[in-house]
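Hi,

Here is the model I promised to pass on. Have a look, and my notes follow below.

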Amino acid sequence: MNNKISNLLNTVRCLRRCGPVLAPKYSATTRKHISWIGGHKDPLENVNFRKSFLNIFPSPRGSSLRFLSQKADVFSTGDEIQPEKSTEAMGSEQAPQSSLELKNLEDDSEGFKAKPLLDHNEQFFSSLRKCTCPSDVLDLASESAVSIKHYTNCLTTVWRLLKSLSEDQQRYEKQLIFEHPAFVKLCQHLLRDSRRMTRADLVFSLHAVVNLGVPQNTLLVQTLLRVCQEKLNQLDNRCISVLATTLAGLDKDKNVSALQAGLQLLAEQRIPSIGDIFILQNLMKCMGKDAPVFLKKKLEMAVLKEIDHLTYLNARRVFLGLVAMNYCSIPILNACSKKIQENIHDARFWHLILILEACHNLQYRNVKLFSTVADYVNSIVCILDKKQIILFLSAFEILGFQPSELMGVFAEKVTADSEFLDLKSLLIVLRVYSRLNYLPKGQHHLFFETLQSCLNKYLPQISNTELLKAVYSLCILGHLPHRALDQLLQKESYEGLLPSGDLYKEKKEMMLRCVKTCMELDSPSFTKPAFVPTENFSSLVSLNLRKAREALLELLGDENMFRQNVQLPYKYHIDFEIRMDSDRKKVLPVTATDNHADTSVQRLAFLFVPVSAFCLGTTHPQGKLAMKKRHLNKLGYHVILVLNKKFQEMTNEDAVEFLKGKIYSKNASPIL
């Protein structure tokens, strides 16, 4: 009798293990002979492959996709998380009544069953750990995978191995993955058994499938999203973190939107109990900029509560999480900045670029952080590619921060060898150096000549707009590129710059006007005029200049001793003009010196400018302000730049004393 039972059980196990016909194994030799279609062709463009995911896979609940039902309890926030049943337990609940007799027989001979199954699992996972490429994993799946646990682990291992490869290797391996017969079979098992998965296997499988590039509109992805909705209240914090990361990379559709809404309600309940910054920053990315302000505040408070345990890696991720929420939390950003500065030598190139871009997106300005990054980049500049240095310079330029040492070193590299500068890189370099108003010490003429030579090389192929940008940048720095100017001002180029309906027409007109002004005022033949015609632009004074006007009235005693809102030739404007004798000891009435030339009269031009007109953290004027100051000097003005913000913070008495020092002292700094 026992022999008969044993034979029956062995036969049943064999049939269950060998039920589906397994796909043939892809050997390593075979993989070498797989033809790679096209250079970088996306394997998902294969129509048959897409159809197999959209139409052929059997749905566990019918052929059509089901979206979130109003009766689903996904949005319930009062339920406790229940321990999840194992795959085997769930399978036994769904077993038909006729299988109970078989179950009783299996129970009688449990000793025969446990050890072989345990040995097979140990052997399978041991082999899985030894796989070194995605195709090896799929080979193993086609040979030995017999349970949903095996298939989900194979899938996540495929993604783990793939993401560690270079971009080119990833493209090639993806081609092999999607052509491998075992991959389709694996996806079929995921689709069929999605509701029997454990919660961890479910969210990690969805994460792997999405990142491998399976289209979002396939039955597989949509089914996994639907099952995640059904099990949302059962997910622990780690699973919520993985799911949040996955959703952040998906486009909005009905299932994604419903899942995000449910996750938002669940996160609102869970946030106070989450003590892991890694999970919190994943939630930040998932919640996004559309999250309600109170939820952003909750996330901020939760992160601040764990801020003492912040690591460099988490600091970088929190930066990006805040960007995703479009939420600038100064306390968090300051703490993250400090941790990044402490671990700057562990930072990778792209990490630093992303951090600088995040600072720009959040409008966060931290001079100490930027200086630390600039000093670190300058210390490793010898091992960086020149294109990488350009990316750093561009990121600093967007922030308005001048890394002077790095710009000096890069200028030396350009003058030594400029062959690496393609047109795109050249335009970036010109924009950076002009906006940040940096002139290499002792070699700016050679630097300009090198850049001009590069520009001349690209003149036959450059577009009119790019030519205008290049010429404009050089003109701001005070250099006139004659060949480029001649081409720019040709009738064909000039007319092609300003087509009707151009969204950037006003900006281009301003740039052209600036170029023409520079051609005249920066020309070596230009001489200082004996008389500059002026006119009052308006008798009204803006609110931010009223304090300055009142201080000048108190200091000089009469409105006739200064002029306000003065309009000059070339469309230049100055806030206040004061005229003095040659010794700068006596202020002269403006009416007495109007309408005639007098070389003994000194003209002071006061410009009250915002902080943004200077390089961040300095009083070094940026390019446009520096050009205006240079041109006003050419017109005969002594220019005094005043930081309006600092001036507004002064008391009335201090404001009067400050202006007195600027007016009557020849040695006073021209900048506040």
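The protein has 32 helices and 6 strands, taken as DSSP runs numbered from the N terminus (helices are H or I with at least four residues, strands are E with at least two). Before the rest, some housekeeping: this is a predicted model, so local features need pLDDT of at least 70 and side-chain atom pairs count only at pLDDT 80 or more, while totals for chains, interfaces and linings use all residues. Residues are numbered from 1 along each chain as its sequence is written, and side-chain values use heavy atoms, with hydrogens and water left out.

Of the 672 residues, 47% are buried (under 20% relative accessible area; exposed is over 50%, partly exposed is in between, with a 1.4 Å probe and protein chains only). Among contacts (heavy atoms within 4.5 Å) between residues at least 6 apart in sequence, 76% join residues at least 24 apart.

Asn-326, which is not a glycine, has a positive phi of about 55°. Asn-326 sits in the loop between α17 (312–325) and α18 (330–342) and counts as exposed because its relative accessibility is 52%. Lys-571 is the other: its phi is positive too, near 60°. You'll find Lys-571 in the loop between β2 (563–567) and β3 (573–580), exposed at 62% relative accessible area.

One more loop to check is the one between α26 (482–488) and α27 (491–497), where Leu-489 lies. Leu-489 is partly exposed, at 32% relative accessible area.

Cheers
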